[in-house]
Amino acid sequence: MKRSAEVVIVGGGCMGASVAYHLARLGITDVVLLEREKMLATGSTGRNAGGVRHQFSNEANITLSIESIALLERFEVGHCAGQHPRQLSGGEAQRVALAVALANEPAVLLADEVVGQLDGDTAARVLDEVLSSEFAILFVTHDVALADRVEHRYELVGGEVLAR
């Protein structure tokens with residue numbers, strides 16, 4: 001193993017590998033890329049910016065960052081910002097996925113068990129958020145209490161779709 005290098009990059013995720021690649025393209029070849037995982041460039045932790053924060057240097061990116069955190073907070077997962085998906089519980093991952101879906105301002109949201117990973121109280125609050133949004137939602141659920149909260153409800157009974 002090399003004991004010194006002109007450049008040492010700590011973190012061989014997407015960003016670290018990209019930095020090493022671009023340095024090599026510039027002719028800087030005495031580079032060591034350190035990564036604790038078994039493979040390089042397999043993901044990003046969100047902790048790749050160090051003190052430079054260049055990616056948030058323009059107004060659009062700053063606004064996007066602020067609005068993203070606000071959207072996560074609407075679904076009670078603001079504390080998950082910057083965490084890797086593997087670090088989230090099933091319920092946190094489901095709420096983050098909903099926030100991401102809403103960030104895209106869909107005309108229609110299709111969801112299977114939209115709050116299935118959540119306890120009853122959290123499910124009710126999250127469903128309130130989803131139902132108050134400005135889009136149509138089509139969701140499938142086995143939870144009759146959730147189904148009772150929507151304006152138009154259909155049930156699959158004996159292979160037939162019935163309006164309720």
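**From surface to core**

Val-10 lies in strand 1, residues 7-10; helices (H or I, at least four residues) and strands (E, at least two) are DSSP runs, numbered from the N terminus. This is a predicted model, in which local features need pLDDT of at least 70 and side-chain atom pairs count only at pLDDT 80 or more, while totals for chains, interfaces and linings use all residues. Residues are numbered from 1 along each chain as its sequence is written, and side-chain values use heavy atoms, leaving out hydrogens and water.

Val-10 counts as exposed because its relative accessibility is 73%; exposed means over 50% relative accessible area, buried under 20%, and partly exposed in between (1.4 Å probe, protein chains only).

The largest nonpolar core has 21 residues, and Phe-75, Leu-98, Val-114, Val-115, Val-126 and Val-130 touch the most other members. Such a core is a set of buried Ala, Val, Leu, Ile, Met, Phe, Trp, Tyr and Cys residues joined through side-chain atoms within 4.5 Å. At least two residues of this core come from each of helix 2 (59-74), helix 3 (90-103), strand 3 (108-112) and helix 4 (120-131). Helix 4 gives the largest share, four residues. Leaving aside residues up to four places away in sequence, Val-126 touches Phe-75, Arg-95, Leu-98, Val-115 and Leu-118, where contact means heavy atoms within 4.5 Å.

Is Arg-153 buried or exposed? With a relative accessible area of 17%, Arg-153 is buried. Arg-153 sits in the loop between helix 5 (144-147) and strand 5 (154-157).
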